[in-house]
Amino acid sequence: GLVILTGCASITRGSKEVFVVDTIPQDADVRLSTGMVGKTPASFQVPRSDTLTVFISKPGYKDRTIIVAAEIGGSAFAIDVRKRAAVETAIAEVEKAFGGIDILCANAGVSTMQHALELTDEEWDFNFDVNTRGVFLTNQIVARRFVAQGSGTIVNTASLAAKVGAPLLAHYSASKFAVLGWTQGLARELAPKGIRVNGISA
């Protein structure tokens, strides 16, 4: 099947920042990774590197992502999950290249830390635009295709902060609470159509 993964977890290993795709089953045919956490993409590590063939990164990371993708014989695109036109274009390109989509993992996210009383409109919008609007856009655009084909799976990444608010992260928690609410509602809407929708809060 064709899996779309938006976002990657970021860790530091030695002097390199490593983007880890570790939530996809070993036997999955992973084709697309969109969005990256962190500022200095250096390399990728996947359970089966031969299955990840297409990366999609933030526009500013496209050149470096092409280099990383080339290391495993893949391709690269750029996308801004906050913009409907950009998501529509990326999904259309992937469909054209691979013939269809089976799974969407919406994992792109950001976080800033700030006291609630000092939070700016810009910080609030930044967290909601990526964490919440990004999930909404990718889910809606791909789900329309799933409904048309009668099958598909969506997995949205929330956070522990989506269950319990934390100091300095009220805005982030709010954006992730929204992801859980959206996921639950969407799951109930799409279940009769044969589409599975789940969320992860870990």
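**Reading charges and burial**

Guide: Let's start with Glu95, which counts as partly exposed at 24% relative accessibility. Keep in mind that this is a predicted model.

Visitor: Okay, how do I read a salt bridge, and which residue does Glu95 meet in one?

Guide: The idea is a side-chain nitrogen of Lys or Arg within 4 Å of a carboxyl oxygen of Asp or Glu. Here, the side chains of Glu95 and Arg145 come together at 2.8 Å, N to O. Glu95 sits in helix 2 and Arg145 in helix 3, so this pair ties together parts that are 50 residues apart in sequence. Arg145 is partly exposed too, with a relative accessible area of 21%.

Visitor: How many salt bridges does the count come to?

Guide: Two. In the pair of Arg82 and Asp80, the side chains meet at 2.7 Å, N to O.

Visitor: Is Asp80 buried or exposed?

Guide: Buried means under 20% relative accessible area. Asp80 has 12%, so it's buried, while Arg82, at 33%, is partly exposed.

Visitor: Last one: which residues form the negative surface patch?

Guide: A patch takes residues with over 30% relative accessible area and no salt bridge, and like charges are joined within 9 Å. In this model, Asp121, Glu122, Asp125 and Asp129 make up the negative patch. Asp125, for one, belongs to helix 3, residues 121–149, and is partly exposed at 40% relative accessibility.

Conventions
Residues numbered from 1 in each chain as written. Predicted model: local features only at pLDDT ≥ 70, side-chain atom pairs only at ≥ 80, totals over all residues. Heavy atoms only, no water. Patch = residues over 30% accessible without salt bridge, like charges linked within 9 Å, V, L, I, M, F, W, Y side chains within 5 Å. Areas by Shrake-Rupley, 256 points an atom, 1.4 Å probe, with all protein chains shown as cover. Lys, Arg positive; Asp, Glu negative; His and termini not counted. Charge placed at Lys NZ, Arg CZ, Asp CG, Glu CD. Helix = DSSP H or I, 4+ residues; strand = E, 2+ residues; numbered from the N terminus. Buried < 20%, exposed > 50% of the residue type's maximum accessible area, 1.4 Å probe, protein only.
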